[in-house]
Amino acid sequence: MSSLFGINNVSFPSASQGMNSNAGLPKGDRLAISRLDPRHFAGSTPAREAAEGTGSLSFENAMLKALDGVNAMQVDSSNATELMMTDPEAIDVHDVTIAMAKANMSLNITRTVLSRVVQAWRDLINTR
Amino acid sequence: MGMFTSINIAATGMTAERLRQDVIADNIANQSTTRTTEGGPFRRSRVVLRPRTDTPYFRLPFLPDQWDNGAGEGVRVKEIQKDMAAELRLVYDPTHPDAIKTGPREGYVEYPNVNPVTEMVDLIAASRAYEANAAIANGAKAMFMKALEIGR
């Protein structure tokens, strides 16, 4: 279908360089015509897992990594609040409230995941 | 496509509208200033905005992924520009220390080209745009909370 638009054999240096690093995409002077997110395709290849960096991550490591991110949000929020109190000229009000909202949202998703895990554990030990 | 993309974009818009408000406040405060360091009366300033994404937008039916700008990254202030085009306001006041001494406009004082009506309309526009960005942030948070309720 791409030959209809005559872009099949055109060489784009920047595009082909960028594409060589992506294992799943066509190489050389052929342009990738897909605008879909690779995560939408079924199944997972080792190359894709390596690219996303989630291949060999255990649940424990993923959870700890996510908790680090949540903690960073909390630290950002408290830094913004502190700056608001000590030096109100240096920061906008909406930056503070947005940092607080982000911290709240990330903590909420953590709480949801943890309560699901605990729920799964309860379901398991109540199996009879 | 992260969790906070729309909130981050809304934050850029809110920061830009805050700056517009600051510039309008400066214009209003200086609407009678006849003397500046660079000489002449005060000239009104205006904010020039541009998108945060630097790569151009290609209107092709099919694009390689790395050329696809996606949803964009919000707004950025390009510059605060002085409005040299609008006419200065002339008021006849020969006793004013900044009155023009010679020439056909002798005795007139040049006042800034700040029009309070324009500035107030701009102020309303800026505060409404700020509200719209805040609504985006709230909507994004409401969507996120709805997503967390799935399967509860």
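**Salt bridges and confidence**

Author: This is a predicted model. To start, B:R128 is exposed, with a relative accessible area of 52%.

Reader: Which residue forms a salt bridge with B:R128?

Author: Stay in helix α2 (residues 116–148) of chain B and go three residues along, which is about one helical turn. The closest N and O atoms are 2.9 Å apart, and the partner is B:E131.

Reader: Is B:D83 buried or exposed?

Author: B:D83 sits in the loop between β2 (75–82) and β3 (89–92) of chain B. Its relative accessibility is 6%, and the cut-off is under 20%. So B:D83 counts as buried.

Reader: How far apart in sequence are the parts that B:D83 and B:R46 tie together?

Author: The two side chains meet in a salt bridge at 3.7 Å, N to O. B:R46 is in strand β1 (residues 45–51) of chain B, while B:D83 is in a loop, so the pair ties together parts separated by 37 residues.

Reader: Where in chain A is confidence highest?

Author: Chain A averages a pLDDT of 73. Its lowest confidence is in helix α1 (residues 13–20), at a mean of 44. The highest, at 92, is in α4(A).

Reader: Which residues form a nonpolar patch on the surface?

Author: One member lies in helix α4 (residues 93–125) of chain A and is partly exposed, with a relative accessible area of 35%. Together the patch has about 250 Å² of accessible area, and its residues are A:F59, A:V113 and A:V117.

Technical notes:
Residues numbered from 1 in each chain as written. Chains lettered and ligands numbered in written order. Predicted model: local features only at pLDDT ≥ 70, side-chain atom pairs only at ≥ 80, totals over all residues. Heavy atoms only, no water. Patch = residues over 30% accessible without salt bridge, like charges linked within 9 Å, V, L, I, M, F, W, Y side chains within 5 Å. Areas by Shrake-Rupley, 256 points an atom, 1.4 Å probe, with all protein chains shown as cover. Salt bridge = Lys/Arg side-chain N within 4 Å of Asp/Glu carboxyl O. Helix = DSSP H or I, 4+ residues; strand = E, 2+ residues; numbered from the N terminus. Buried < 20%, exposed > 50% of the residue type's maximum accessible area, 1.4 Å probe, protein only. pLDDT = per-residue confidence, 0-100.
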